[in-house]
Amino acid sequence: MSLKQRLVPYWLLGPGLLWLIIFFVVPMYFMGELALRSGSLTTGYTFDWAWSNFPDSLSGHTEQIGRSFFYAGTATLLALLIAYPLAYAIAFRAGRFKLLLLFAVIAPFFTTYLIRTIAWKTILSDSSPVVSVLQTLSLVPPDGRVLATSGAVIAGLTYNFLPFMVLPLYANLERLDLRLIEAAKDLYSSSRQAFLKVTLPLTMPGIVAGVLLTFIPAFGDYINAQILGGTQQAMVGNVIQSLYLNQRNYPEAAALSFLMMALILAVVTVYIRFAGTGAFMGDEDEETA
Amino acid sequence: MASLSRAWAWLRRNALPIYAGIAVAYMLIPIVVIAVFSFGATPKGKLTFGLDHGFTTEYWSSAFSLSELNEALFTSLRLAALATAISTVIGTLMAIALVRHRFRGRRLTNLLIVIPMATPEVVIGAALLSMFIYYTFALGFGTLLIAHVMFSISFVVVVVRSRLIGFDRHLEEAAADLGATPLATFRTVTLPLLAPGILAAALLAFSLSIDDFIISNFNSGTTVTFPLYVYGVSLRGVPVQVNVLATMLFALIAIAVSLVLWQQRRAERMAKVRPEPEPIPVPGAPVTT
């Protein structure tokens, strides 16, 4: 291969790589630099290796961090429970309605995220029929509210990130070789056993991808907590946003976002190890290699 | 009793479709609410949490009467169009390089494409803002464009790449055999076959851009996009026109997506015209069907 030919991929990659490096990698460096500054808004922030910003930013907001884990975790679990049967039904039972159902799954993307969340505020507002049904069923006390509770925030998160769970699950289920389930049944497994021993393990890559694609944005989200929650439902995202944009305490905000990023990378790494699949990142590689 | 057990049996048999139906309803309810409330009459022209005042088409006929809202929507459309154009071109080139070429640094490039998708939006927004603060960059349309192109690239690459992997290279070889130059082959064979994938990627980039709030909120300065406008007014009451425009936008994107899906299926059928290769008979091998 001539040199000219070998350079072709780099020419093709050039613009995109540059854009991602200059506007994604380099900003991370500046965020790190900002996190090590000290000072105040009035005197200005100067760089002096202020490592203490990291423990400081953490200790002040343990409550919100814990809440983020709890809300995002619950929402992810709920989304999985809703999405798996749905994806299964779309893949195997939908017949000619398949495309229509897939369309319905991505339809929420066609309206603005913020407006959808405001719509949930309408649905869960004190005078809405949904709330009175919940009150009749005694799931909510007669004079209780749904809005401004943890439940409302979790419901909003579950709703908003549900498509991210359904789509990878569907993509995985669709490629499932149904003959394997038949084989299991031929070998006298019950439906339940066939599901637990064949279908579930084979769809693990889809579950892993879906869980990550749901958990990560849900963890960092602050719109649901802000619109559907009250002052007692703030998440890490709310803190970072308010530190950066309202209080302009840049060092602490940068330190906290840095820690959040590290925390998520750690969770993802452990999770991928534990789930025993590189599907999230390596899948396409194997196909193309 | 017999009828009860029969009903139970029916319910068991159809449990999956019923469950899927409820799940789909859950996904579509907010969209319906947005559309219905765009016809809801309210005394002050602001969204209320009830339909006690009956219905009206007043807000549909005055959909474009709020100049601030129009301006925000126009900014969003302009931003989304530009960001889509840039990220689609850049991302498609990257996808071609990744699928068609072997080169050093391929894994690293893949990583650089995946990580932004796995990064919470607050962190991306915060990191970019950190860099812009450092260089005292003026925030506005330019910084928004930079950010939107940045977060769209990865998604474009993923979509176009999945299309390229299923690409039948025999068609290109045939064109070359028939004397087409590489450029002519690319223009007359590769690009048309790739078009549905590129179109789908562009559509995804467009809807990501027009929908983005979190990253924009960090880097907008005084520029107001549609979601930023909605956020601003959500604190003091959302004008019903917001719902009208959101419903219009939904309809437009839904139509565009249907067209792309339809086109994609047609292209798939066209690509399948090539006859299946005949299996090479191996003497003594068991006959497979």
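Which strands of chain A pair, and in what sense, parallel or antiparallel? I started my notebook with that one. E1 (residues 37-40) and E2 (residues 44-47) of chain A pair in the antiparallel sense over four bridges. For strand pairing I used the rule that DSSP must find at least two bridges between the two strands. Helices (H or I, at least four residues) and strands (E, at least two) are DSSP runs, numbered from the N terminus.

Before going on, I noted that this is a predicted model, where local features need pLDDT of at least 70, side-chain atom pairs count only at pLDDT 80 or more, and totals for chains, interfaces and linings use all residues. Residues are numbered from 1 along each chain as its sequence is written, while chains are lettered from A and ligands numbered from 1 in the order in which they are written.

**Entry: the hairpin and chain A overall**

I looked at the turn next: E1(A) and E2(A) form a hairpin with three residues between them. A:Ser40 sits opposite A:Gly44 of E2(A). Chain A as a whole has 14 helices and two strands. I boxed its C-alpha atoms along the principal axes and got roughly 75 × 75 × 35 Å.

Then I checked burial, calling a residue buried if 20 or more other C-beta atoms lie within 10 Å of its own, exposed if 12 or fewer, and partly exposed in between, with C-beta atoms placed from the backbone. Of the 289 residues of chain A, 42% count as buried.

**Entry: helix H5(A)**

Is H5 (residues 113-123) of chain A enclosed or open? Ten of its eleven residues are buried, so the helix is largely enclosed by the rest of the structure. Among the buried residues I found A:Arg116, A:Trp120 and A:Lys121.

**Entry: where chains A and B meet**

I counted two residues as in contact if their C-beta atoms, placed from the backbone, lie within 7 Å. The contact takes 72 residues from chain A and 68 residues from chain B. On the chain A side, helix H1 (residues 3-35) gives the largest share, 18 residues. By class, that side has 55 nonpolar, twelve polar and five charged residues. Here Ala, Val, Leu, Ile, Met, Phe, Trp, Tyr, Cys and Pro count as nonpolar, Asp, Glu, Lys and Arg as charged, and the others, Gly among them, as polar.

I picked one helix pair to follow up. H3 (residues 62-93) of chain A and H2 (residues 15-37) of chain B pack at an angle of about 115°, with their axes 9 Å apart. The axes are lines fitted to C-alpha atoms, for helices over the stretch in contact, and angles run from 0 to 180 degrees between N-to-C directions. Residues that meet there include A:Pro85 and A:Tyr88 in H3(A), and B:Pro17 and B:Tyr19 in H2(B). The contact of H3(A) with H2(B) has ten nonpolar, no polar and one charged residues.

**Entry: the nonpolar core**

A nonpolar core is a set of buried Ala, Val, Leu, Ile, Met, Phe, Trp, Tyr and Cys residues joined through C-beta atoms within 7 Å. The largest one has 154 residues, and A:Ala83, A:Ala87 and B:Ala126 have the most contacts inside it. Helix H4 (residues 67-100) of chain B gives the most to this core, with 14 residues. Leaving out residues up to four places away in sequence, I saw that B:Ala126 touches A:Met31, A:Tyr244 and B:Phe218, among others.

**Entry: positive phi**

A:Arg248 has a positive phi of about 55° although it is not a glycine. B:Thr136, also not a glycine, has a positive phi of about 40°.
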